Amino acid sequence: MENNLIQNLTALKALPGSWDIFSFEQLVKDVSGGNKKTLKSDFLDKGEFVIVDQGQSLVAGYTNNRALLVKTPPPYIVFGDHTRALKYIDVPFAMGADGTKVLKSINDETVNGKYLYYFFLTLNIPNTGYNRHFKYLKSVKIPLPPLAEQKQIAAILDAADSLRQKDQQLVEHYTALSQSLFLEMFGDVFLNNKHYPKATFKQLLDKVQIGPFGSQLHKHDYVENGVPLINPVHIVESKVLPSNSFSILKEKYDSLPNYHLKEGDLIMARRGEMGRCALITRKEEGFFCGTGSLYLRPNNNVNSTFLLHVITSDSGKSYLERNAQGVTMMNLNKKIILNIEIGLPPIELQNQFEVSINLIEQQKQQAQANLEKSEALFNSLLQRAFTGELTANKAA
C-alpha cells in the first residue's frame, strides 16, 4: 500500500511491450560512501568546484580543494535524505555534510542518468519531517525502455525544462530590475547617500494599525468564503494571495472597523520574516488585517509604491531585523515603525518611480503567465513520459 502512494504501480501494467520493469538496486548505485564531506564553515562564495548539499538550491557553495571531489565520475543524481530534494549534476562536485546521497546509473551504456532523474521527479515521496527518506526512493519500481528511447524521453523533458527555466529567469530579471531601479533613483534611503531631507515614518503615515489581538477573534469567527483575512502567509513576493478557506464572518468583520484595509495601504508581517510587505490594490479593498500583520496608511507626503520598496529593500529588511523586539519570536510594534527615518526624495520623483514600476510589473505579469504555462507543459510531459506516450516506439 505504501508503494502505491509513492508511485502509481497500476500504470506499470500498461507499459509498451519493449519496456521492462526493474527494482531500484538493479539500475541505481549509491556512490556516496568513501567521499569526504565539506563542512558548512568551509564553504566559499566563489571557487573552482561547486559544493552540492541536500538543500533546495542547486549549488550550496564552492571549494578549491580537489581532494573533496566525489571520486566517481559524473553525471550524478543528488538526493536529499532529509529534504527529498533531487538534483542532476553533470560536473565534478564536492559533497555537503549531512544527508547528501550521490546516486548514479549502474551502467551508463544501458541506463541513462538523466532519464532516471526525471523519473524520480514523478515520485510522491512522503514528507516525514527531518527524518531519512532514502528508504522510500529505494522501494520504487523503475520502468525502463531501450536506451535510445530513454535518451529521447530525456531530450523532450530537457527542452521543456529549458523553456520553464528561461521563463523563470525572465521573471527574476524583472524583479531584479525593480530593485536596481529603486537604488539607481534613490540610493540607500536609510543611509541617505543622496542627501534628501530626512523624514520619519511618523511624518509619512496617517495610521499604523497592529492586527487584532487573539482575544478579539475566536475559533468560531473563522469561516470559509467569508471576508478575506490577510496574515503574513498570504503575503508572497510583495503580492496579496488570499485564501477562501481563511476568512472571517461578516458580522465579526463589521464589528472591527479599525482592521479594514483600503487601497493604497501597505500590509506587512509584524513577526517572523521581516520586510514581508504588499500594497493593497483595488482588488483587495475591504480585506481584513490579520493578527500576524500590521498595516500602514501613507499620507500625501509619500507614494505608496515608493514606500513598499523602502520596506522590502535589503536595507529595509535589515533595519526591521535589527529593531524588532522579542525573545522567542521577533515582533514589530507601532513605535518601531513610526521611528523609522529615511531620506525622502521629492514626491514627483517618487511618482515617476511608480510609473516605471507599473510598466515593469506589466512585463513581469506576462512573464509570470508564460512561466505558469511552461510549468504546466513540463509537468504534463513529465507525467506522460514514463507511460510510453511521448515516444514513437511504444507498442500499438
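**Ground rules.** I'm working with a predicted model, where local features need pLDDT of at least 70, side-chain atom pairs count only at pLDDT 80 or more, and totals for chains, interfaces and linings use all residues. Residues are numbered from 1 along each chain as its sequence is written, and side-chain values use heavy atoms, with hydrogens and water left out.

**Cores.** I looked up nonpolar cores (sets of buried Ala, Val, Leu, Ile, Met, Phe, Trp, Tyr and Cys residues joined through side-chain atoms within 4.5 Å; buried means under 20% relative accessible area with a 1.4 Å probe, protein chains only). The largest has 40 residues, and Phe201, Leu296, Phe306 and Ile337 have the most contacts inside it. Helix 5, residues 147-186, gives the most to this core: six residues. (Helices are DSSP runs of H or I, at least four residues, and strands are runs of E, at least two, numbered from the N terminus.) I also noted a second, separate core of 35 residues, with Ile77, Leu86, Leu116 and Leu382 among them.

I then checked Leu296. Neighbours within four places in sequence aside, its contacts (heavy atoms within 4.5 Å) include Phe201, Leu205, Asp265, Ile311 and Ile337.

**Helix 5.** Gly187 follows helix 5 and has a positive phi, near 65 degrees.

**Cavity.** I found one cavity of 30 Å³ or more. (On a 1 Å grid over the protein atoms alone, a cavity is a set of points where a 1.4 Å probe fits but cannot get out; a pocket is an open set with protein on both sides within 12 Å along at least five of seven lines; lining residues have an atom within 4 Å of a point.) Pro75, Tyr76, Ile77, Lys104, Ser105, Asp108 and Gly113 line the largest cavity. Strand 6 (76-80) and strand 9 (100-105) each supply at least two residues of that lining.

Helix 11 gives the largest share of the lining, nine residues.

The second largest pocket holds about 620 Å³. Of its 24 lining residues, Leu86, Tyr117, Asp161, Arg164 and Gln165 are the closest to its centre.

Note on methods: Buried means under 20% relative accessible area, exposed over 50%, partly exposed in between (1.4 Å probe, protein chains only). Grid points are joined across faces, edges and corners, and a volume is the space filled by probe spheres set on the points.
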